[in-house]
Amino acid sequence: MTLEQGIRAAVIADSNLNAIISGRIYHERMPQNATMPAILFSRVSTSQNSMLDGIDTLTQVRIQLDIYGDTSASVRDLSTKLRTLLNGHAGDLGGSAVQFARLDSEIDAGFFDGDEERRRIISDYMFFLHE
């Protein structure tokens with residue numbers, strides 16, 4: 001299972017999160033006219049550090065999670081629950097042995113879908129693991 005599949009599985013398995021999103025966590029592309037609230041996520045970058053004796057085997061993966069909803073309160077609540085699940089996580093994440101995960105940044109942003117305004121929080125998480 002990939003890191004992305006592990007993140008999706010962990011979010012769905014978390015009863016606090018899934019009670020709100022009902023499985024609406026999408027990888028890279030959200031369906032048109034998707035029911036809100038929902039989470040969209042994708043891998044932004046992958047990097048490894050160079051060492052004097054070669055490449056470090058610890059991989060740093062940045063995953064962006066966009067939380068969409070109809071109100072600021074709903075996206076803020078989802079963001080808090082997602083942070084509780086992922087920030088500081090160490091251990092198995094769907095088969096990926098995550099050494100450590102941390103919230104790197106969070107941006108509160110709006111989103112317009114035609115004439116309808118949606119709320120969005122963009123969260124970037126760094127995952128450190130051996131891929």
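**Confidence.** I started with the predicted model's scores: the protein chain has a mean pLDDT of 91, and 94% of its residues reach 70 or more. Then I went through the chain by element. Strand β1 (residues 25-27) comes out highest at 98, while β5 is lowest, at a mean of 88.

**Core.** Next I looked up the largest nonpolar core, which has 24 residues. Which of them touch the most other members? I got Leu3, Ile7, Val11, Ile63, Leu65, Leu82 and Phe127. I also checked where this core's residues come from: α1 (3-13), α2 (15-21), β2 (38-51), β3 (54-69), α3 (72-86), β5 (96-113) and β6 (116-129) each give at least two. There is a second, separate core too, with seven residues, including Tyr26, Met36, Ala38 and Leu40.

**Ile63.** I picked Ile63 and listed its contacts, leaving out residues up to four places away in sequence. Among them are Leu3, Ile7, Phe41, Tyr125 and Phe127, but also Glu4, Arg43 and Asp124.

**Helix α3.** Which residues of α3 are buried? They are Val75, Leu78, Ser79, Leu82 and Leu86. These cover an arc of only 105° around the axis, so they sit on the same side of α3. Turned away from that buried side, I found the exposed residues Ala73 and Thr84. Last stop: Gly88 follows α3, and its phi is positive, near 85°.

Conventions:
Residues numbered from 1 in each chain as written. Predicted model: local features only at pLDDT ≥ 70, side-chain atom pairs only at ≥ 80, totals over all residues. Heavy atoms only, no water. Core = buried A, V, L, I, M, F, W, Y, C linked by side-chain atoms within 4.5 Å. Buried < 20%, exposed > 50% of the residue type's maximum accessible area, 1.4 Å probe, protein only. Helix = DSSP H or I, 4+ residues; strand = E, 2+ residues; numbered from the N terminus. Contact = heavy atoms within 4.5 Å. pLDDT = per-residue confidence, 0-100. Arc of directions from axis to C-beta.
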